[in-house]
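Biologist: Could you take me through the charged and nonpolar features of this model, one question at a time?

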Amino acid sequence: SGFSHDDMTKLAEACPVRTPGCFARFPGIAGCSARMLTGGLCAEGADARGDQVFDGGRRRLAAALKALDAMAFVGITEEWDESVCLFHRMY
């Protein structure tokens, strides 16, 4: 996940009831898509940031948007069948 044991412990303490909102707002989680589109791990642990303040993936946003623009097709996992049909229709 990119998180150390300490980061996972902090996450468990911050989100005793693991709701999607609590998880998404936890430092190191926000910006997952931007990091993954630019070759990083989804989670960004405190050790990976060093002394930089967590920015929610904003430093990678321009590169992530450029990577997304370069893609010819983006499907939606939750709509797998429809995405595959659209892909076949397009290509």
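**Charges and surface patches**

Modeller: Aspartate 55 and arginine 59 are joined through their side chains by a salt bridge, at 3.4 Å from N to O; the term stands for a side-chain nitrogen of Lys or Arg within 4 Å of a carboxyl oxygen of Asp or Glu. This is a predicted model, in which local features need pLDDT of at least 70 and side-chain atom pairs count only at pLDDT 80 or more, while totals for chains, interfaces and linings use all residues. Residues are numbered from 1 along each chain as its sequence is written, and side-chain values use heavy atoms, with hydrogens and water left out.

Biologist: Does aspartate 55 count as buried or exposed, and at what relative accessibility?

Modeller: Aspartate 55 sits in the loop between α4 (46-49) and α5 (61-69), where helices are DSSP runs of H or I with at least four residues, numbered from the N terminus. Buried means under 20% relative accessible area, exposed over 50% and partly exposed in between, with a 1.4 Å probe and protein chains only. Aspartate 55 is therefore classed as buried, its relative accessibility being 16%.

Biologist: How does arginine 59 count at its relative accessibility?

Modeller: Side chains of opposite charge can pair when their charged atoms come close. The partner of aspartate 55 in the salt bridge is arginine 59. Because its relative accessibility is 46%, arginine 59 counts as partly exposed.

Biologist: Which backbone nitrogen lies 2.9 Å from a polar atom of the side chain of aspartate 55?

Modeller: The side chain of aspartate 55 also meets arginine 59 in the salt bridge. The backbone nitrogen that lies 2.9 Å from one of its polar atoms is that of glycine 57.

Biologist: Which helix gives the most to the nonpolar patch?

Modeller: Leu37, Leu61, Leu65, Leu68, Met71 and Val74 make up this surface patch, with about 490 Å² of accessible area together; patches take residues with over 30% relative accessible area and no salt bridge, joining nonpolar side chains (Val, Leu, Ile, Met, Phe, Trp, Tyr) within 5 Å and like charges within 9 Å. Leucine 68, partly exposed at a relative accessible area of 36%, is in helix α5. With three residues, the helix that gives the most is α5.

Conventions: Helices (H or I, at least four residues) and strands (E, at least two) are DSSP runs, numbered from the N terminus. A polar contact is a pair of N or O atoms within 3.5 Å; within protein, one must be able to donate a hydrogen and the other to accept it, and residues adjacent in sequence count only if both atoms are side-chain atoms. Accessible areas come from the Shrake-Rupley method with a 1.4 Å probe; for residues, only the protein chains shown count as cover.
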